[in-house]
Amino acid sequence: VTATQALDVADASGSGAGWNLTATSTTFTTGGGSPHLLSTSATTVAATPAIACDTGSTCTAATNSVAYPYTLPAGATAPTATKLFNAAANTGMGSQTVTPTWRLSVPASTFAGTYTSTWTISLVSGP
């Protein structure tokens, strides 16, 4: 299963410090007394996310150094966030949209049900 997610990033600070998007999640689970779980490595981004300046905005597109494929960290309690995408110093200024394509791996033997997960995506200063 794949889906894109547009993440709008605006850096009007003028500092040129760069920024990064970090992410973490809880494991996909059916919940309840005997929950069924997906793998903690079930969610990935296979290739570098698309990046584009927002319409009507002047920007310096981000120069990203994160290696792909990227695996979204997951656990019963969300583990430490990792870099999903970053803007090197003196890039990523102005308003732009970063669009990763997420892939959720669901094996054929997966128990049928409704699975949920909580994701946290943060914008942090500095590359």
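The legends below accompany close-up views of a predicted model.

**View 1. The disulfide between cysteine 53 and cysteine 59.** The angle about the S-S bond is -75°, and the link of cysteine 53 and cysteine 59 is accordingly described as left-handed.

**View 2. Glutamine 96 in strand 9.** Glutamine 96 lies in strand 9 and, with a relative accessibility of 0%, counts as buried. A polar atom of the glutamine 96 side chain lies 3.4 Å from the backbone oxygen of threonine 60.

**View 3. Strand 9 with strand 2 and strand 5.** Strands of a sheet pair through backbone hydrogen bonds, in either the parallel or the antiparallel sense. Strand 2 (residues 7-11) and strand 9 (residues 94-99) pair in the antiparallel sense, and five bridges connect them. Strand 5 (residues 50-53) also pairs with strand 9 in the antiparallel sense, here over four bridges. Valine 98 of strand 9 can be followed in both pairings, being the bridge partner of leucine 7 and standing opposite isoleucine 51.

View 4. Four strands with antiparallel pairing form an open sheet in the order 1-10-4-6. Strand 1 (2-4) and strand 6 (70-71) each have a single partner strand and stand at the edges, so one side of each is left without a neighbour in the sheet. The pairing of strand 1 with strand 10 (residues 101-104) is antiparallel and runs over three bridges, and within strand 10 the bridge partner of threonine 4 is threonine 101.

View 5. The structure holds three aromatic pairs, one of which is formed by phenylalanine 28 and tryptophan 119 in an edge-to-face arrangement, with 6.5 Å from centre to centre and 85° between the planes. This pair links distant parts of the chain, since phenylalanine 28 is in the loop between strand 3 (19-26) and strand 4 (43-45) while tryptophan 119 is in strand 11 (residues 119-125), 91 residues apart. Ring pairs link Phe28, Trp102 and Trp119 into a cluster. Phenylalanine 28 counts as buried at 15% relative accessibility, whereas tryptophan 119, at 30% relative accessibility, counts as partly exposed.

**View 6. The surroundings of tryptophan 119.** Tryptophan 119 and serine 25 lie 94 residues apart in sequence, yet their C-alpha atoms are 4.2 Å apart in space. Leaving aside neighbours within four places in sequence, tryptophan 119 is in contact with Gln5, Thr24, Ser25, Phe28, Thr43, Leu72 and Trp102. A polar contact of 3.2 Å also joins the side chain of tryptophan 119 to the side chain of serine 117.

View 7. In soluble globular proteins, nonpolar side chains tend to be buried together. The largest nonpolar core of this model has 16 residues, and those with the most contacts inside it are Trp19, Leu21, Tyr70, Leu84 and Phe85. Strand 2, strand 3 and strand 8 (82-87) are the elements that give two or more residues to this core. Leucine 21 touches Leu7, Val9, Thr82, Lys83, Leu84, Phe85, Val98, Ser122 and Leu123, not counting residues up to four places away in sequence. A second, separate core consists of five residues, including Phe28, Ala42, Leu104 and Tyr115.

Technical notes: Residues are numbered from 1 along each chain as its sequence is written. This is a predicted model: local features need pLDDT of at least 70, side-chain atom pairs count only at pLDDT 80 or more; totals for chains, interfaces and linings use all residues. Side-chain values use heavy atoms; hydrogens and water are left out. A disulfide is a pair of cysteine sulfur atoms within 2.5 Å. Two strands pair if DSSP finds at least two bridges between them. Rings of Phe, Tyr and Trp (its six-membered ring) pair if their centres lie within 6.5 Å; planes under 30 degrees apart count as stacked, over 60 as edge-to-face and the rest as tilted. Buried means under 20% relative accessible area, exposed over 50%, partly exposed in between (1.4 Å probe, protein chains only). Contact means heavy atoms within 4.5 Å. A polar contact is a pair of N or O atoms within 3.5 Å; within protein, one must be able to donate a hydrogen and the other to accept it, and residues adjacent in sequence count only if both atoms are side-chain atoms. A nonpolar core is a set of buried Ala, Val, Leu, Ile, Met, Phe, Trp, Tyr and Cys residues joined through side-chain atoms within 4.5 Å.
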